[in-house]
Amino acid sequence: MEELIGLREGSSGKPVTLQELWGPCPHLRRTIRGGLEWLKQKLFRVGEDWYFLMTLGVLMALISFAMSFAVGRVVRAHNWLYREIGDSHLLRYLSWMVYPVALVSFSSGFSQSITPFSGGSGIPELKTILSGVVLEDYLDIKNFGAKVVGLTCTLATGSTIFLGKVGPFVHLTVMIAAYLGRVRTKAIGETENKIKQNEMLVAAAAVGVATVFAAPFSGVLFSIEVMSSHFSVWDYWRGFFAATCGAFMFRLLAVFNSEQETITSLYKTNFRADVPFDLPEIFFFVAVGAICGILSCAYLFCQRTFLTFVKTNPLTSKLLATSKPLYSALAALVLASITYPPGVGRFMASRLSMKQHLDSLFDNNSWALMTRNSSPPWPKELDPQNLWFEWYHPQFTIFGTLAFFLVMKFWMLILATTIPMPAGYFMPIFIFGAAIGRLIGEALSLAFPEGIVAGGVVNPIMPGGYAVAGAAAFSGAVTHTISTALLAFELTGQIVHALPVLMAVLMANAIAQSCQPSFYDGTIIVKKLPYLPWIRCRKISSHRVIVEHFMNRAITTLAKDTPLEEVVKVVTSTDSAEYPLVESTESQILVGTMQRAHLVQALQVEPPSWAPGHQQCLQDILAGGCPMEPVTLQLSPETSLHQAHNLFELLNIQSLFVTSRGRAVGSVSWVELKKAISNVTNPPAPK
């Protein structure tokens with residue numbers, strides 16, 4: 001029975017329910033309901049992006065801080081156990097080894113048992129999604145819990161496994177952004193907008209970096225360089241606003257927790273500001289960039305080769321397919337055994353945390369000069385005031401420990417990247433680059449103990465500045481980004497080495513980008529994710545390659561006058577997702593496309609009775625309501641390869657039809673583009 005309605009006395013005539021008329025305080029309830037409706041409209045209609053991005057930044061800052069807080073407590077408990085367990089080497093080794101092995105095994109098993117998408121960094125898959133490819137369930141909110149728990153366990157292993165937080169946290173942020181976007185569309189009753197969703201996902205990637213390093217500027221630039229091939233300047237403010245909210249809240253929570261007195265940089269340095277470097281040192285900074293570029297090529301090649309080997313080797317592939325926690329435990333056992341401090345770890349500064357690694361490497365004092373006439377003892381326990389003691393050994397010296405650290409971490413990082421668990425790989429390569437720069441800086445300070453004379457003034461060399469340049473150059477070369485230079489400045493709070501660091505990053509990128517794909521692109525290749533590579537060949541001859549040279553000419557068209565019997569044959573003999581629709585068999589003028597699913601559904605419907613002698617054709621199906629999509633964009637056979645490539649990347653499309661004077665003559669998809677790019681970059685040998 002329908003509810004009775006009536007009119008309120010003295011009202012404008014709008015009917016109300018009798019419950020509203022006779023309920024208690026009807027005027028107050030109607031006022032509150034109206035106020036809530038007004039608030040809803042204001043929140044979601046007037047600048048709704050601001051609320052969305054602020055919520056995203058604050059929420060991810062809270063999650064990042066809570067994760068760091070929990071990880072700090074677990075690491076502190078591990079260090080306490082290692083200190084208090086006694087002098088027995090066996091017990092100390094077990095206490096050092098069991099923690100990371102158990103945490104890594106649990107991280108791998110728990111995250112993989114919930115969803116296989118939670119492992120790894122997440123950035124390669126995000127690049128694929130933002131290029132227009134649909135990866136089912138990858139951004140589902142159910143992955144969030146698995147990734148949070150798994151990443152927390154990974155970070156709790158400390159510097160033993162030597163993995164970071166950036167990549168997975170970017171994935172987490174994008175998942176939350178996608179979820180909040182769905183909530184927003186449901187709340188205001190809008191249809192899902194794919195373009196707006198991608199804009200928010202790129203902004204979310206910036207928030208992920210900003211809430212890890214408290215670096216909003218480099219967070220935005222890093223997300224643009226890594227995630228997007230084309231970026232709209234209109235989206236700039238979204239990224240900066242969300243990243244600023246996240247970075248501010250992240251550092252504010254540190255102040256509230258009495259970790260910092262005020263909002264400051266994470267790895268604060270005290271470099272000399274008046275004359276941080278002499279002009280001749282520019283050459284050495286560029287040399288640091290060149291060395292980092294060469295080593296990054298070696299690292300990228302070895303990492304991609306070893307990852308391919310692990311996936312194709314019968315033993316390791318079977319182990320990864322049937323028992324991921326066992327493989328993770330074995331890898332963690334190897335890494336933990338090598339980093340055991342009284343053993344080989346003594347020569348790798350293994351007692352330092354990842355933050356302490358950077359704090360010590362960015363020290364502006366020269367360790368080589370400080371130990372030239374004295375030999376400081378290796379403390380039994382870690383000395384927070386003299387972290388550089390961990391890098392010194394009387395027989396190995398500073399140079400020996402730094403070189404040994406680089407050699408060992410080179411292959412240990414590659415091994416760690418194969419462990420199937422949530423983990424970030426940016427922070428380890430950042431520290432690795434800092435060690436490269438530190439080694440070169442210490443060598444220069446020993447070669448020029450009084451400094452390099454320039455204009456009659458002598459200024460001592462600061463190895464910490466070379467460590468900053470090395471960190472930015474190596475991480476930038478591995479990821480093919482320039483924003484790592486700005487990230488180094490935001491992390492240290494000083495920009496005194498702006499010019500030499502930027503020159504080092506540019507030199508490293510020039511070498512790496514000409515020889516190897518980036519770390520994320522290499523992972524995409526190994527995982528066989530769909531992607532569209534860059535056209536690295538910029539020769540004049542490459543601009544002469546046109547669509548007519550590489551398009552797919554074997555396309556199956558459906559004409560409006562095609563008999564239904566022929567249509568059925570085409571649908572059953574091919575597996576195309578869509579078919580080009582032409583005006584007639586004779587003209588072949590392209591008028592639209594038809595989806596296979598819609599066509600099959602229309603053919604299965606019982607056809608109406610037709611007049612005698614009438615032959616049913618595709619036009620009758622269209623007249624019966626089968627949807628046809630117009631073709632709004634098409635290529636010409638004269639379109640160049642570069643133009644077609646830019647169009648595909650800019651619009652995130654998978655395929656386009658090729659028409660000549662309106663006639664459908666072929667199609668171009670990612671397959672044809674990738675083959676054409678490969679032929680241009682690596683021309684086949686003449687027969």
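**Exercise 1.** In which helix do Lys355 and Asp359 lie, and how many residues apart are they?

*Solution.* This is a predicted model, so start by finding the pair in it. Both residues sit in helix 14, four residues apart, which is about one turn of the helix. Lys355 comes in at 39%, so it counts as partly exposed. Asp359, at 29%, is partly exposed too.

**Exercise 2.** Work out which parts of the chain the Arg351–Glu390 salt bridge ties together.

*Solution.* Begin with the contact: the closest N and O atoms are 2.7 Å apart. Then place each partner. Arg351 is in the loop between helix 13 (324-338) and helix 14 (354-361), while Glu390 is in the loop between helix 15 (367-370) and helix 16 (397-416), so the bridge joins parts 39 residues apart in sequence.

**Exercise 3.** Is Glu125 buried or exposed, and where does its salt-bridge partner Lys527 sit?

*Solution.* Glu125 and Lys527 form a salt bridge with the closest N and O atoms 2.8 Å apart. Glu125 belongs to helix 5 (residues 123-130) and Lys527 to helix 21 (residues 519-527), putting them 402 residues apart. The cut-off for buried is under 20%. Glu125, at 8% relative accessibility, therefore counts as buried, whereas Lys527, at 33%, counts as partly exposed.

How values were computed
Residues numbered from 1 in each chain as written. Predicted model: local features only at pLDDT ≥ 70, side-chain atom pairs only at ≥ 80, totals over all residues. Heavy atoms only, no water. Salt bridge = Lys/Arg side-chain N within 4 Å of Asp/Glu carboxyl O. Helix = DSSP H or I, 4+ residues; strand = E, 2+ residues; numbered from the N terminus. Buried < 20%, exposed > 50% of the residue type's maximum accessible area, 1.4 Å probe, protein only.
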